[in-house]
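Welcome! Please take a look at the chain below, and then we will walk through some of its features together.

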Amino acid sequence: MITWGIVGNSHDASIAVFEERKLLWAALAKDFSKVDNDPHLNPELVNAAKEAGGWRSPDKVIWYETPFLKTLRQWWAGQGWLQKENNIYKYLKKWDIRCPIKFAIHHNSHAAYGYYTSGLPNATVLVLDSIGEWECLTIWACAGDTMKKIYSQKYPHSVGLFYSAMTQRLGLKANRDEYKVNTLGTPIKVEENMELLNDLLSTFITGTLNGDMPGVEFKVNLHKGCDWYKPELQTDMDMARLANATQSAFELMLRSNSKWCLNQLPSRNLVITGGCALNKTAVNLISKDWHNVWVPPNPGDPGSCIGGVLAMNKQHIDFDPKIWYNNN
């Protein structure tokens with residue numbers, strides 16, 4: 001049986017091809033379209049997926065998230081009733097994909113991708129992204145082939161939305177240019193920027209980031225950005241200071257959740273997935289506290305083309321990062 005895991009209709013579309021429970025191939029839409037963050041499948045990607053499976057069409061598709069839950073959250077958030085836009089059956093027919101479809105849960109896909117490719121016998125899994133249906137941050141205790149969700153933080157309390165909103169405030173493109181924020185702030189020393197960092201934390205965060213509690217509680221919903229924050233900051237030096245404070249705040253958020261996991265959960269192995277796992281500087285800061293840290297390639301939504309299938313199969317695989325098309 002050929003199974004395709006698919007991500008699409010949002011951003012960073014991707015396909016993974018499985019034969020039975022063996023991963024054969026995975027690729028992003030942008031590998032073929034050359035469009036950064038390409039949200040949609042394309043004929044070249046679909047044909048390459050067929051070729052990877054011996055020119056067989058899929059017998060089954062696992063979609064990386066559940067459209068109905070996403071639609072409910074979008075409606076609650078004031079985005080309107082987007083059921084038609086989230087009709088995945090109709091969407092996949094554009095690419096002549098007409099087989100049965102099963103729907104995973106967004107954060108389950110992230111967590112399964114990380115854990116079941118890690119090669120670790122047990123792990124704490126930390127998933128941080130902007131929004132997945134209703135969830136923004138989840139923590140999992142995993143052993144053997146079993147994954148147990150320990151904590152779930154719901155929208156709008158989102159570390160990912162915070163970082164994206166601040167990316168936009170810096171004049172960059174949200175959901176695309178986050179990787180530029182840390183570099184922009186590196187000329188500034190954290191100890192010389194404490195006033196702005198403390199203001200940032202007091203403006204946006206409730207409580208302390210000391211590891212006593214999981215998650216991060218936000219005072220405001222950052223889904224629509226924060227262009228209103230400190231409009232007097234305009235110069236290049238101002239933007240460097242603001243970028244430095246943003247990165248420093250994110251590092252505190254990650255360190256706090258890492259500390260909570262170390263104090264509350266048994267495994268000394270950490271797996272991090274979701275778009276926030278791409279922040280290598282922050283991940284490196286907490287790595288020394290753990291025996292092993294695994295961040296899989298493409299840990300954001302693209303990796304969930306693999307993760308959605310693994311969330312259904314609930315089984316470790318022999319994973320070679322070179323399985324990704326762009327790593328060959």
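Is Arg56 buried, exposed or partly exposed, and what is its relative accessible area? Arg56 is partly exposed, with a relative accessible area of 36%; here buried means under 20%, exposed over 50%, and partly exposed in between (1.4 Å probe, protein chains only).

Keep in mind that this is a predicted model, in which local features need pLDDT of at least 70, side-chain atom pairs count only at pLDDT 80 or more, and totals for chains, interfaces and linings use all residues. Residues are numbered from 1 along each chain as its sequence is written, and side-chain values use heavy atoms, with hydrogens and water left out.

**Salt bridges**

- A search of the whole structure finds nine salt bridges, each being a side-chain nitrogen of Lys or Arg within 4 Å of a carboxyl oxygen of Asp or Glu.
- One of them joins the side chains of Glu19 and Arg56, at 3.1 Å from N to O.
- Glu19 lies in strand β2 (residues 14–19) and Arg56 in the loop between α2 (43–52) and β4 (60–63), so this pair ties together parts that are 37 residues apart in sequence. (Helices, H or I with at least four residues, and strands, E with at least two, are DSSP runs numbered from the N terminus.)
- Lys230 forms a salt bridge with Asp199, their closest N and O atoms being 3.9 Å apart, and another with Glu232 at 3.6 Å, N to O.

- Strand β7 (residues 135–143) is mostly covered, with seven of its nine residues buried.
- β7 pairs in the antiparallel sense with β6 (residues 122–132) over eight bridges, and with β8 (residues 146–154), also antiparallel, over eight bridges; pairing requires at least two bridges found by DSSP.
- Trp140 in β7 stands opposite Val125, and its bridge partner in β8 is Lys149.
- Two residues sit between the strands in the hairpin of β6 and β7, where Glu133 takes a positive phi near 60 degrees.

**A helix with two sides**

- Helix α10 (residues 280–287) has Ala282, Val283 and Ile286 buried.
- These residues cover an arc of only 100 degrees around the axis, which puts them on the same side of α10; the arc is that of the directions from the helix axis to the C-beta atoms.
- On the other side of α10, Lys280 and Asn284 are exposed.
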